[in-house]
Amino acid sequence: MKKQNVKNIVNAALCLALCMMLPFLTGQIPQIGSALSPMHIPVFLCGFLCGWPYGLVIGFLAPLLRFMLFGMPPVFPTGIAMSFELAAYGMVCGILYKKLPKTIPNIYLSLIGSMLAGRIVWGGAMTVIAGVSHVQFSFQAFLAGAFLNAVPGIICHLVLIPIIIVALQKAHFIEHEHYQTAHPDTLN
């Protein structure tokens with residue numbers, strides 16, 4: 001097994017473990033915990049650190065595994081819709097970060113693009129769930145759940161994730177523009 005594959009598997013496992021544990025930090029006050037979306041942070045990081053396949057898998061598994069271990073989030077409808085949402089976050093974030101130059105504006109572009117894609121996927125998943133069950137879901141519920149109620153989490157993610165990614169770039173833990181220019185033979 002290649003050294004990079006082992007590194008990605010270890011980092012993905014760490015991100016999955018963080019998905020299990022971070023909600024405990026904010027879970028004492030459920031309104032704050034759900035507003036800050038702590039489980040989303042490691043999924044975004046996984047997409048940035050390990051790439052889209054790992055981000056997709058960790059994003060999809062995290063809510064389901066957390067339900068099996070701790071009973072939260074409720075698997076239906078929240079956990080299922082959240083699995084698709086987080087999978088989209090990890091996948092889109094990983095794809096955009098790989099394709100774009102590794103600059104700070106592009107870190108934000110990757111993050112915001114994946115946030116929008118994930119929220120659209122969540123809305124689609126909730127629409128399908130509502131169509132096959134007795135769950136009520138409207139366009140107003142989509143706007144409230146995806147954007148209005150999510151503002152604290154959006155702000156938290158827009159502040160924390162780029163800081164972490166830039167710090168990891170400076171430590172040469174992940175690729176960034178300067179490193180690519182100086183060492184082009186080390187790219188995938």
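Which residues lie nearest the centre of the largest pocket? In this predicted model, they are Gly33, Ser34, Pro73, Thr78 and Met82, which belong to a lining of 29 residues. The volume of the largest pocket is about 850 Å³. Two or more lining residues come from each of helix H1 (3-26), helix H2 (30-36), helix H4 (52-70), helix H5 (75-99), helix H6 (104-132) and helix H7 (139-148). H5 supplies the largest share, with five residues. By residue class, the lining comprises 16 nonpolar, 10 polar and three charged residues.

Helix H4, one of the elements that contribute to this lining, consists of 19 residues. From its first C-alpha to its last, H4 reaches 27 Å, close to the 27 Å expected at 1.5 Å a residue.

Beyond its neighbours within four places in sequence, Leu56 makes contact with Ala87, Gly90 and Met91. Between the C-alpha atoms of Leu56 and Thr103 there is a separation of 23 Å, the two residues being 47 residues apart along the chain.

Backbone geometry was examined next. Most residues other than glycine have a negative phi, and most peptide bonds are trans. Just after H4, Gly71 adopts a positive phi of about 80°. The peptide bond that joins Met72 and Pro73 is cis, with an omega of about -5°. Pro73 is situated in the loop between H4 and H5, and is one of the residues nearest the centre of the largest pocket. A cis peptide bond also leads from Phe76 to Pro77, where omega is near -5°. Pro77 is placed within helix H5.

With a relative accessible area of 13%, Ser37 is buried, because the class requires a value under 20%. The histidine is found in the loop that runs between helix H8 (151-170) and helix H9 (177-182). His172 has a relative accessibility of 44% and therefore counts as partly exposed.

Ser110 belongs to helix H6, which also gives residues to the lining of the largest pocket. Is Ser110 buried or exposed? The relative accessible area of Ser110 is 0%, so the residue is buried. Apart from neighbours within four places in sequence, the contacts of Ser110 are with Phe48, Cys93, Leu96, Tyr97 and Leu100.

Notes. Residues numbered from 1 in each chain as written. Predicted model: local features only at pLDDT ≥ 70, side-chain atom pairs only at ≥ 80, totals over all residues. Heavy atoms only, no water. 1 Å grid on protein atoms, 1.4 Å probe; cavity = no way out; pocket = protein on both sides within 12 Å on 5 of 7 lines; lining within 4 Å. Points joined across faces, edges and corners; volume = space filled by probe spheres on them. Helix = DSSP H or I, 4+ residues; strand = E, 2+ residues; numbered from the N terminus. Nonpolar A, V, L, I, M, F, W, Y, C, P; charged D, E, K, R; others polar. Contact = heavy atoms within 4.5 Å. Expected span 1.5 Å × (residues − 1). Buried < 20%, exposed > 50% of the residue type's maximum accessible area, 1.4 Å probe, protein only.
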